[in-house]
Amino acid sequence: MPKISVIVPVYNVEPYLRQCVDSILNQTFTDFELLLVDDGSTDCSGAICDEYANRDFRVKVFYTVNRGVSAARNLGIDKASAEWVTFVDSDDFVESDYLESLDKGESCELSFVGISRYNIDNKSRQVLVKFHSEFIFREQLGKKVVELDLLAVGYACGKLYKKEIIDSNHIRFDERVRIHEDHLFYYDYLIYCQSIYLSDSICYNYTCQTNGTSLSHIVAPYRMLLTASDGFVSRYPTLFKHLGITDIAYVKRITTEYGISTRRAAVYSLYYYKENTYTRLSFFDEQSPIFLNLYRKYGYKPGFFKHWLLYMFLCMTWIPPQFKDWVLKGIYKM
């Protein structure tokens, strides 16, 4: 039985897959298995996976019809045989000390490494997440999570999870959403986590294009954004209570940046996908009271004043949906 299972969901990443797999197989830490889950690729990604499986006994390949990254990761979790699990996206790559750095935190239930953004156009790197080496135990969790802003580090990747915690608490990625699914999984895990290790190694490379956009970036449908928002909002009370977070300013910022802003983004999605008039009007009729209740419970502190104005406009339940639609059609050039 290997110590670590590395799970890589694969979907139409032929130009980047070899770099990803090579970086994992080139680890200084060798007691691992690599699970490549092909999510119905239509390019040569599946053939590349098979090639590596034939060359290295640590590589296992699983095939499924296209159901999205959450389903692929869940299949990887089901097939993982190791004590620990980590995730790497197939268009990203890791440094040779990735697994070794994570393994140093084996006395804790969750380990982090630093993350950099790698620009594939100009080959430049920018540090996104950086830590000082530290072990954090139960009595310090709440204070340190706020101090280091760990609730904002919602990537599934760059972390090491204890599989027993995942399995015994039935933690899986939400297959209904393809946005924030990693953040929700991370929150579900944190609810059962008692200790954290932070590595000072910056060894996970998140790949993007010159404009900073992820290679897998999409504008999510509005219903998916509402589901993701509901996921955040439903987890907040348990998460804050478990971690002992009582800092009101921090609670407002975290709820704004993820749960509430995700709901606001659903409005943009309505107009981006040119949903019909009935759908838009029904959205405002149904969602305006929810926007208002979230504001009353958590407040709203976005980084841009225009986002605050839009949110206040959405909260005004006395404004007819037809007028809201007329204003927003102008804003979003529909």
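**Figure 1. Packing around helix H3.** In this predicted model, the buried residues of helix H3 (residues 69–79) pack against strand S1 (4–10), strand S2 (32–39), strand S4 (84–87), helix H6 (163–168) and helix H7 (181–190). The residues of H3 that count as buried are Ser70, Ala71, Ala72, Arg73, Asn74, Gly76 and Ile77.

Figure 2. Strand S6 spans residues 110–119 and contains Ser116. The relative accessibility of Ser116 is 3%, and the residue is therefore classed as buried. Leaving aside residues up to four places away in sequence, Ser116 is in contact with Arg125, Gln126, Val127, Leu128, Ile202, Tyr204, Asn205 and Tyr206.

**Figure 3. The contact of helix H9 with helix H11.** Two packed helices are described by the angle between their axes and the distance between the axes. For helix H9 (residues 248–272) and helix H11 (residues 305–315), the axes come within 11 Å and cross at roughly 80°. H9 and H11 are therefore roughly perpendicular to each other. On the H9 side, the contact is formed by Ile260, Arg264 and Val267, and on the H11 side by His307, Leu310, Tyr311 and Leu314. Sorted by class, the residues of this contact between H9 and H11 are 5 nonpolar, 1 polar and 1 charged.

**Figure 4. The second largest pocket.** Rolling a probe the size of a water molecule over the atoms shows where empty space is left. The second largest pocket holds about 200 Å³ of space. Two or more residues of its lining come from each of helix H8 (222–243) and helix H10 (277–298). H10 supplies the largest share of this lining, with 6 residues. The lining of the second largest pocket consists of Tyr222, Arg223, Leu226, Thr227, Asp230, Arg263, Tyr278, Thr279, Ser282, Phe283, Glu286 and Gln287. By class, these lining residues comprise 4 nonpolar, 4 polar and 4 charged.

**Figure 5. Asp149, a loop residue with positive phi.** Asp149 belongs to the loop between helix H5 (141–147) and strand S9 (159–162). Although Asp149 is not a glycine, its phi is positive, at about 55°. Asp149 has a relative accessible area of 22% and is therefore partly exposed.

**Figure 6. Lys274 in the loop between H9 and H10.** The loop that joins H9 and H10 contains Lys274. Lys274, a residue other than glycine, has a positive phi near 50°. With a relative accessibility of 60%, Lys274 counts as exposed.

Definitions and conventions. Residues numbered from 1 in each chain as written. Predicted model: local features only at pLDDT ≥ 70, side-chain atom pairs only at ≥ 80, totals over all residues. Heavy atoms only, no water. 1 Å grid on protein atoms, 1.4 Å probe; cavity = no way out; pocket = protein on both sides within 12 Å on 5 of 7 lines; lining within 4 Å. Points joined across faces, edges and corners; volume = space filled by probe spheres on them. Helix = DSSP H or I, 4+ residues; strand = E, 2+ residues; numbered from the N terminus. Nonpolar A, V, L, I, M, F, W, Y, C, P; charged D, E, K, R; others polar. Axes fitted to C-alpha atoms, helices over the stretch in contact; angles between N-to-C directions. Parallel < 35°, antiparallel > 145°, perpendicular 65-115°, else oblique. Contact = heavy atoms within 4.5 Å. Buried < 20%, exposed > 50% of the residue type's maximum accessible area, 1.4 Å probe, protein only.
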